[in-house]
Structure formats: C-alpha cells, structure tokens
Amino acid sequence: MIWILRKLRYSITASLRSINKQKQLKQALLATSLCNSLRANTTHPPFTMSNNVRSQDLPLSGVARDGWSTETEATATCFCGAVQVVVPIVAPGLVNTFVCNCFDCRKVTASMFASNFTIDNSYLKYIRGEDNITRWGQSKTPASGTEMTNGFCKTCGTLMYRRSELFPNKSYMRIGTVDDFNLHETKLKPQAEIFTDSRVNWWHGVEGAKAMPGPFKTASM
Ligand SMILES: [Zn+2]
Ligand SMILES: [Zn+2]
C-alpha cells in the first residue's frame with residue numbers, strides 16, 4: 001500500500017514538473033517572438049556616409065535595439081524604448097556639452113552630477129513617443145530663479161531633457177540617452193563643467209573641461 005502511495009506521489013510530482021517546464025518554455029517563446037517583432041519593426045534612415053553606426057554595433061543598453069548615428073545626427077532613446085529622438089551632434093544644432101554639479105542635477109538624476117549636451121530645438125526630431133513624455137517643472141531651486149521643465153518617459157522615467165524658461169528654444173539633453181556610446185567619448189564628451197562649487201568632494205571633475213564655479217554665462221548659451 002505504502003509503495004503504491006509513493007509511486008502515485010512520484011508520478012504527480014513528475015507531471016507537475018512537466019507542466020511547469022511547458023509554462024516556462026511558452027514564456028520563453030513569447031519573449032523571443034516579442035523581441036523578434038520589435039526587431040522587425042525597426043527602421044533605419046538612409047545611410048549614405050562612410051562611418052555610420054547601426055544598431056547591431058551598439059552596446060546592449062535598454063530595450064530598444066534600433067539606435068543609429070551618422071556624422072551629423074544620432075538617436076537618443078529612453079530605457080524602455082518608448083521614446084526615441086534624433087539629435088544633432090555637430091554645430092550649429094549642437095550648442096555645447098557639459099557636466100553640471102548643481103544640487104538640482106543631483107536630485108533630478110538621482111546621481112551626483114548630470115552629463116548634458118545642449119541642442120537647438122529646431123534640430124530635434126521625434127522618431128516615436130512624443131506623447132509618452134510627461135513634463136514637470138519648478139522655479140524654486142534653479143539658480144536662475146526661473147522655471148526648469150523636465151521631460152520624462154511616462155513608462156520608464158528616463159529624463160530625456162530639461163528646458164529653461166530663459167532659453168525656450170534650447171533643450172539640455174542627457175549624454176547617456178544617446179545610443180551610440182562612442183559619441184560619449186568623442187563628439188559629446190563634456191567640454192565644460194559648471195557649478196564646480198557644488199561638486200561632491202570625492203570626485204575631482206572632468207579632466208580638460210573648462211571649469212566654472214556657477215552657471216554658464218548667458219553669452220555662452
Ligand atoms: Zn521609456
Ligand atoms: Zn545642474
């Protein structure tokens with residue numbers, strides 16, 4: 001009798017294991033087909049220049065795999081991939097590149113500083129997700145006393161840009177959102193560092209960058 005009960009328990013456990021395995025397999029297949037359909041939907045702009053970078057050459061970061069760059073433009077994408085824009089990486093669309101140590105940047109990035117590049121808004125193009133951006137701003141803490149507005153992806157919370165009431169035709173983009181990581185080391189490398197007087201004391205700043213204790217002077221914007 002005990003032997004029969006043991007045998008029965010063994011066969012029930014084995015069939016439960018098999019059901020679990022089937023469930024896991026189904027989930028894996030679903031994930032793969034979702035990834036494939038995401039890849040299938042990706043589009044690339046026409047490539048005409050020699051050193052263009054396509055998605056397959058980019059490091060794995062975030063969910064979207066359809067980033068790219070050319071000599072003059074690059075995609076910037078949020079962590080979940082819902083928002084993707086094209087930004088200029090050369091002047092005059094690209095205004096400057098800088099690290100900001102101000103206390104607002106600490107809070108808004110949840111880190112110790114922000115790595116930014118400023119662009120002229122007339123060069124900013126949305127590939128997708130403009131309606132997936134939520135905006136929030138305040139004027140209490142920016143050094144200028146004017147409102148800074150932050151644009152976040154509604155889904156994943158990535159801060160895509162900041163805008164100042166003082167310079168409404170400019171956006172302060174985040175270098176880390178640019179899909180081609182080579183650009184973080186080259187064209188988008190910070191050339192200036194501002195609010196060095198607020199810099200965290202265990203970090204010694206961007207080597208070679210023009211250091212300023214406070215904000216940019218208006219003329220350099
Ligand atoms: Zn997102
Ligand atoms: Zn700042």
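Residues are numbered from 1 along each chain as its sequence is written, and chains are lettered from A and ligands numbered from 1 in the order in which they are written. Because the model is predicted, local features need pLDDT of at least 70 and side-chain atom pairs count only at pLDDT 80 or more, whereas totals for chains, interfaces and linings use all residues.

Strands are DSSP runs of at least two residues, labelled E and numbered from the N terminus; two strands are taken to pair if DSSP finds at least two bridges between them. On this basis, 8 strands make up an open sheet of mixed pairing, in the order E6-E7-E8-E9-E4-E3-E10-E11. Its edges are formed by strand E6 (133–138) and strand E11 (210–211); each has a single partner strand, so one side of each is left without a neighbour in the sheet.

Within this sheet, strand E3 (residues 94–100) is largely enclosed by the rest of the structure, because 5 of its 7 residues are buried. A residue counts as buried if 20 or more other C-beta atoms lie within 10 Å of its own, as exposed if 12 or fewer do, and as partly exposed in between, with C-beta atoms placed from the backbone. Strand E3 is joined to strand E4 (residues 114–120) by 6 bridges, and the two run antiparallel; valine 99 has serine 115 as its bridge partner in E4.

Antiparallel pairing over 5 bridges links E8 to strand E7 (residues 148–153). Bridge partners in E8 include arginine 162 for asparagine 150 and leucine 159 for phenylalanine 152. The hairpin formed by E7 and E8 has 5 residues between the strands, and glycine 157 in the turn adopts a positive phi of about 85 degrees. A hairpin through 5 residues joins E8 to E9.

A nonpolar core is defined as a set of buried Ala, Val, Leu, Ile, Met, Phe, Trp, Tyr and Cys residues joined through C-beta atoms within 7 Å. The largest such core has 19 residues, and those with the most contacts inside it are Ala74, Ala76, Val87, Ile89, Met160 and Met173. Two or more residues are contributed by each of E1, strand E2 (84–88), E4, E8 and E9, with the largest share, 3 residues, coming from E8. Neighbours within four places in sequence aside, alanine 76 is in contact (C-beta atoms, placed from the backbone, within 7 Å) with Val85, Val87, Met173, Thr177, Val178 and Asp179. A second, separate core comprises 10 residues, among them Cys102, Cys105, Phe195 and Val206.

Glutamate 73 lies in strand E1 (residues 73–77). Glutamate 73 is partly exposed, with 18 other C-beta atoms within 10 Å. Residues up to four places away in sequence not being counted, glutamate 73 touches Val86, Val87, Pro88 and Ile89. The C-alpha atoms of glutamate 73 and proline 88 are separated by 4.5 Å, although these residues are 15 residues apart along the chain.

Conventions:
Helix = DSSP H or I, 4+ residues; strand = E, 2+ residues; numbered from the N terminus. Contact = placed C-beta atoms within 7 Å.
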